[in-house]
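The structure is shown below.

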Amino acid sequence: MFNALRTGRPLAAIGFWLLPAVFLALAWAPAEARVFDPETFTLDNGLQVVVVTNRRAPIVTHMVWYKVGAADEASGESGNAHFLEHLMFKGTKTLGPGEFSRIIAQNGGRENAFTGQDYTAFYQTVARDRLDIVMKYEADRMANLVLSDDEVLTERDVVLEERRSRVDNSPGALLGEAINAALYLNHPYRLPVIGWAHEIRQLNTETATAFYRKWYAPNNAVVIIAGDISAAEVRPLAERYYGAVAAHPVPKRARIAEPPQHAERRVTLKSARVRQPSLSIVYLAPGYNSPDGARAYALQVLDKIMGGGATSRLYRGLVVERSLAASAGSGYDATVVDGSEFSFHVSPRPGVEIDRVEAALRTEIADLLDGGVSAEEVAAAKRRLVAQAIYARDSLSTAPNVLGRALATGRTVADVEAWPERIAAVTVAEVNAAARAVLRAEHSVTGALLSKPTS
Amino acid sequence: MRMRFLFVLLAVQVAVLLGAGNARAVQVERVVSPGGIEAWLIEDHTNPIISLDLAFRGGAALDPAGKAGLANMVSGLIDEGAGGLESQAFQGRLEDLSIRLRFSAGRDVFNGELRTLSENRAAAFDLLRLALTQPRFDAEPVERIRAQILAGLARRAENPNSIAARTLRRILFPNHPYGQPVEGTPESVESVTVADLGRFVAARFGRDTLIIGVVGDITPDALGQLLDKTFLDLPARAGAFEVAAARPSGAGRLVIVEKDVPQSVVLFGQEGILRDDPDYYAAYVVNYILGGGGFSSRLYKEVREKRGLAYSVYSYLQPMDHGALVVGGVATQNGRVARALELIRAEWARMGEAGPSATELDDAKRYLTGSFPLRFSSSGRISGMLVGMQLEHLGIDYLDRRNALIETVDLDTARRVARRLYDADKLAVVVVGHPDGLAASDPTPKPNG
């Protein structure tokens, strides 16, 4: 489910956040696994602060994650969470519109923000001696946002242009919205984070302010700081700035549930603007927090085996050996509040009919369900997953993104730190059981992006 | 037995300037291996990984006529089988050892990146050696990568952003290789042969055009030995090449490519400034003010913040080896394109006429100097910078001098350079979409891919 949207700041997006964790492995069997080795403390007002020390350069990345996202919106107000994220830059009791960004820029900082189904995050990277400034102003807008209709309505136009850029101009993105809407019969994950255009047009100062008052509170947020600083150095700053923000009650996140699904679905988008067809099959799958969330680790291993690289089953089978596909892969992300998805995607080689590629993909899925995965495949996938993670430690922004996503979706620091062990513990039987449990046609949508002849 | 000498010229204790005396030294070392291969190294033993970036001078601008996309195709293929390892075996080895090896082609350079855990460095450098010196170009991977490139071209064929970029390029450089797409066209990509691929490698990979930057968990001694093992097999000299100077055409033109999309994508460009021009730093600061500075640029304020006309509006300098551009863009609904363009032209002209204000200049310099340390956020970014510094002949002490170069841009210089650079009448404009109330200056150029 790639529903997260970066805010109206198309520049300076920091880092990637698909990698679930990082692991500094000295031996293959991670007896004393450390991932980021974070330190954490919680203020009296409920704000959790996490610090990952990385002394490679005298800079820090500072992220505030609010535990609220698009899936928490009121019915009919799709896009409100993302809209509020834009509006957080528009002024507080003491700052005028745009002044926050001006101050960050004056201090040589880079910044951006993004919204997902389950979280809204704001971040800056600055020299370590400017951390107090970003904390001060981030704490300020946590409590003191002030909105005017003028600013709000102008920014609403910006969001509509953003939607046009990302979605309306893109047949693939339009199909993606249709897939989500078909995959979830009830749950708000069926709705786009950016919102439907007609609902965006109804958003206003009141909807944004109500959402802000309801959800934005220190006791509903996590601050992650990574870089040339320790928790001991952060603590007094956090107490001074964030500690001054009063807690207030925040509702429990209770999304309407998905009913059982019995019907396989298919959505097709045909457009003259599609010259390269593609197809995906998306299945409902557990996330970390689901009742069967223990399967999440096995599913990550399955994802690696099936579509995680040049020697994965799908790439090898469909792209290399049978020369049917130009690309083939899979996807799975367990870091969600509610349920997740396991997906396959293919795109045919020029000259190959997409029906043939679809059939080949379904054969691969059937073979997987019939024959299972091998011990060699599981061992190699686990090794590659855990080893790949070392690289993530290298980039300053990875730790705050990984920890932020985890904590904002109901996981703990211990969960993140334990990721390598849990991956290492996955067995062949668990992978096969997870595949059989998840890859059921009645829990799936097939989405096809096809050409339409112009004549 | 020959004595092996390793020359390590400790370059400079580079203080990364932060303002209030909070400097941390970054040491760039010039390592020259016993065999004479040079690399710039920043040792960092924090994590057990090594990041290497390399470049050969000469890229897609050298693609032969009718073979646009050759350099790009080579970049996708030299890691698909080399030496005794066929494609799946080569890729399998990379995956087993968690080595990342990627190549890419730009207009003026051919790039490579290698990322490896320290413990696998011998294997990693050896795979790099094989890719550069013994690529197999077996039939299966050649056809597979060709198909992937063609699929990519197809995917982008109707994408308004891609159409705008390709069209603008052709208008700006109608008779120069810079006007060709780096990834080629369906026709040209189909025409590339294995012989072409081999000729490219033989002609373009030489020790004399090779530039290397390394960051990470390796000492100069160890690096020197790996440099010899990896690169001495390359021919000493690459083939000579020449690319004509490129002056952009298309001044004053407005071209509309009609597409049935709700949002028009607009790209515009004019002649820019070369990287080694003494006015480059002033131009960089002025462009930041006009449209490079994200949330604080004039274009952002006028088009997005005040009027909500766009999500994205920007300008940037694009210096190339043989010519330079300053380019910008905006995307907005069809009904508001004319208005957005009008505002942008006005800002472009205003900058050219009057230049920045003192406050704007101060703010820009403060941001550009203050944010410089942020570039050191990952090994890969830094090794890439080391290559860039060498490509542009910036000097090994560039990291130390860079902020001063920005600081010395004074208001008079900024205004003179703004006047020199920004001329709204020179802009060539491409609009892809269905814009209301906008007249093209002339018919759309014939599309070719």
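A residue is termed buried if 20 or more other C-beta atoms lie within 10 Å of its own, exposed if 12 or fewer, and partly exposed in between, with C-beta atoms placed from the backbone. Helices (H or I, at least four residues) and strands (E, at least two) are DSSP runs, numbered from the N terminus.

## Basis of the model

This is a predicted model, in which local features need pLDDT of at least 70 and side-chain atom pairs count only at pLDDT 80 or more, while totals for chains, interfaces and linings use all residues. Residues are numbered from 1 along each chain as its sequence is written, and chains are lettered from A in the order in which they are written.

## Helix α15 of chain A

Helix α15(A) spans residues 428–438, and its buried residues are V431(A), A434(A), A435(A) and V438(A). They cover an arc of only 100° around the axis, which places them on the same side of the helix; the arc is that of the directions from the helix axis to the C-beta atoms. An α-helix has 3.6 residues a turn, so residues three or four places apart point the same way.

The face turned away from the buried side of α15(A) carries the exposed residues A429(A) and R436(A). The buried residues pack against β9 (278–285), α9 (295–307), β11 (340–348), α11 (354–371) and α12 (375–392) of chain A. Two residues are in contact if their C-beta atoms, placed from the backbone, lie within 7 Å.

## Overall form of chain B

Chain B comprises 15 helices and 12 strands. Its radius of gyration (taken over C-alpha atoms) is 23 Å, close to the 22 Å that the globule rule (2.2 Å times the number of residues to the power 0.38) gives for 449 residues, so chain B is as compact as a globular protein of that length. The C-alpha trace of chain B spans about 75 × 55 × 35 Å along its principal axes.

Of the 449 residues of chain B, 55% count as buried. Among contacts in chain B between residues at least 6 apart in sequence, 82% join residues at least 24 apart.

## Contact between the chains

In the model, 53 residues of chain B are in contact with 56 residues of chain A. The elements giving two or more residues to the side of chain B that touches chain A include α2 (87–96), β6 (109–117) and α4 (139–157) of chain B. Of these, α4(B) gives the most, with eight residues.
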